[in-house]
Amino acid sequence: MKVSKKVAGVEYAIRDIVLAARKVQQKGMKVDYLNIGDPVQYGFQPPDNVKQALIDAINRGENYYSTSEGLVELRDEIAKKENAKGLSICADDVLITNGVSEGLDMVISSIVEEGDEVLLPGPYYPPYASYVRLHGGVPVEFAVDLEHSTPDIEDIRKKITPKTVAICLISPNNPTGVVFNENSLRDLVNIANQNNLYIICDEIYDQIIFDEKFTGIGKVAGDSPVIILNGFSKVHLMSGWRIGYIAFNQSPRLEELRENLPKLARVRIATNLPVQYAALESLRGPQDYISKFVSEIKLRRDLVIKRLNEIPGLSCPNPKGSFYAFPKIEDNRFGTDKEFVTKLLESKGVLTVHGSGFGTQYGSGHFRLVYLPSLDVLDSAMTKIEEFVTQ
Ligand SMILES: Cc1ncc(COP(=O)(O)O)c(C=O)c1O
């Protein structure tokens, strides 16, 4: 029976690679999973007050369809959070989604038509390219200096064509941990404005920052057409509950999009209502669980980056945020980055993701690992990687 070419072409390296790990496990080898960016699978949990808020909502009978745009109290709280980062928005500028993933799909399907080009930071989180392709568009990667955490503005300038409709930013970034500073964000907003592009900015890791203060796009947005994607999967440890949001800057140029995009929210009816109450509690309740989580993973980052840079043949810039390291394979006698990752898995049982899964242009020759497991597991995985690379 027929399957559309669009769907047959969809890939998601982070999860696709798990099939190979299962085979290795079936042969009796223990696998260290350093592939999935989900803190909850590594022992972190939402705090008790947030879990209780979910249970209480269910027991109160809040088990019906919510409004399509989501609970007004939650949207109001989200507007406050975004305003603290520099925007000036209200509940009406926020739409609750089933995670950033659904928000991304809604945004891309609302602005991309056949042949339209969307600029993505290279390397990028794979669903950005998948959704652009699925909706008939063409993802175009721009260069980012991973050492200095800066976008290559000249490269962006060269890659803008009459078909370019948007520039996507992911800061802090998956897979590199790059965080753009205020000057870079200003340059990006300027170039987008000069070319009448939407700016789509994913800030899902906005509080997972280690060394410097975070600057959100809101601080430099002015009245540019900025669409923020954010959610509760990472900072708020609610990955399995599937909740996120789209926030629109109050730009006159967003008027038409804001009229049309919510139709998609209405078609899919609503998001999970009890979870919206839990998300509300996660914003209103004590916030100290976030700083505890971030200081825990900072220790893990420090260990992993030190160990990686001690391995001859690997080099890795210090990630400023999120929970990923993206080492470069300086001398790959194993072939492609995918072969490197597969052989590492088969010989040592360490599961990482090949860099080309995050875009071939800038991701190839690298691999991504998640430093969420415990220090013990990470230390032993680093030893296995060292043995593999130096054997
Ligand atoms: C940059 C980025 N955006 C979005 C997501 C997925 O977000 P959600 O769980 O809200 O769909 C991820 C998950 O890894 C991510 O790294």
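Trainee: Glu 203 and Lys 85: buried or exposed?
Mentor: Both Glu 203 and Lys 85 are buried. Keep in mind that this is a predicted model.

Trainee: How far apart are the N and O where the side chains of Glu 203 and Lys 85 meet?
Mentor: The N to O distance is 2.7 Å, and the two side chains form a salt bridge. Glu 203 sits in the loop between β7 (198-202) and β8 (226-231), and Lys 85 in the loop between α5 (72-84) and β2 (94-97), so the pair ties together parts that are 118 residues apart in sequence.

Trainee: What lets two side chains like that pair up?
Mentor: Side chains of opposite charge can pair when their charged atoms come close.

Trainee: Why does Lys 85 count as buried?
Mentor: Because its relative accessibility is 16%, and buried means under 20%. Asp 206 is buried too, with a relative accessible area of 4%.

Trainee: What does Arg 301 pair with?
Mentor: Asp 211, in a salt bridge whose closest N and O atoms are 2.9 Å apart. Arg 301 is in helix α12 (residues 288-310), while Asp 211 is in the loop between β7 and β8. They are 90 residues apart.

Trainee: And Asp 211, is that buried or partly exposed?
Mentor: Partly exposed, with a relative accessible area of 43%.

Trainee: How many salt bridges in the whole structure?
Mentor: A search finds 25.

Trainee: Switching to the ligand. Which residues come nearest?
Mentor: There are 13 residues around the ligand, and Ser 101, Asp 202, Tyr 205, Ser 233 and Lys 234 come nearest. The largest share of that shell comes from helix α6 (residues 99-111), which gives three residues.

Trainee: Which side chains put an N or O atom 2.7 Å from a ligand oxygen?
Mentor: Asn 174 has a side-chain N or O atom at 2.7 Å from an oxygen of the ligand. Arg 242 has one at 2.7 Å from a ligand oxygen as well. Val 100 uses its backbone: an N or O atom there lies 2.7 Å from an oxygen atom of the ligand.

Trainee: How much of the ligand does the protein bury?
Mentor: Taken alone, the ligand exposes 400 Å², and the protein buries 94% of that. The space the ligand takes is the largest pocket.

Trainee: Back to Arg 242. What is its phi?
Mentor: Near 55°, a positive value in a residue other than glycine. Arg 242 sits in the loop between β8 and β9 (244-248). It is partly exposed, with a relative accessible area of 34%.

Trainee: What about phi of Ser 322?
Mentor: That one is near 60°, also positive and also not in a glycine. Ser 322 is in the loop between β10 (314-315) and β11 (324-325). At 0% relative accessibility, Ser 322 counts as buried.

Trainee: Where are the cis peptide bonds you'd point out?
Mentor: One runs from Ser 171 to Pro 172, with omega near -5°. Another joins Asn 174 and Pro 175, with omega about 20°. Pro 172 is in the loop between β6 (164-170) and α9 (182-194). Pro 175 lies in the loop between β6 and α9.

Trainee: Now Asp 38. Which backbone nitrogen does its side chain reach?
Mentor: That of Val 40, at 2.9 Å. Asp 38 lies in the loop between β1 (32-33) and α4 (48-60), and counts as buried at 12% relative accessibility.

Trainee: Last one: how far apart are Gly 99 and Ile 246?
Mentor: In sequence, 147 residues; in space, 9.4 Å from C-alpha to C-alpha. Gly 99 lies in helix α6 and is buried, at 1% relative accessibility.

Conventions
Residues are numbered from 1 along each chain as its sequence is written. This is a predicted model: local features need pLDDT of at least 70, side-chain atom pairs count only at pLDDT 80 or more; totals for chains, interfaces and linings use all residues. Side-chain values use heavy atoms; hydrogens and water are left out. A salt bridge is a side-chain nitrogen of Lys or Arg within 4 Å of a carboxyl oxygen of Asp or Glu. Helices (H or I, at least four residues) and strands (E, at least two) are DSSP runs, numbered from the N terminus. Buried means under 20% relative accessible area, exposed over 50%, partly exposed in between (1.4 Å probe, protein chains only). A residue is near a molecule or strand if one of its heavy atoms lies within 4 Å of it. A polar contact is a pair of N or O atoms within 3.5 Å; within protein, one must be able to donate a hydrogen and the other to accept it, and residues adjacent in sequence count only if both atoms are side-chain atoms. Accessible areas come from the Shrake-Rupley method with a 1.4 Å probe; for residues, only the protein chains shown count as cover. On a 1 Å grid over the protein atoms alone, a cavity is a set of points where a 1.4 Å probe fits but cannot get out, and a pocket is an open set with protein on both sides within 12 Å along at least five of seven lines; lining residues have an atom within 4 Å of a point. A molecule sits in a cavity or pocket if more than half of its atoms lie within 2 Å of its grid points.
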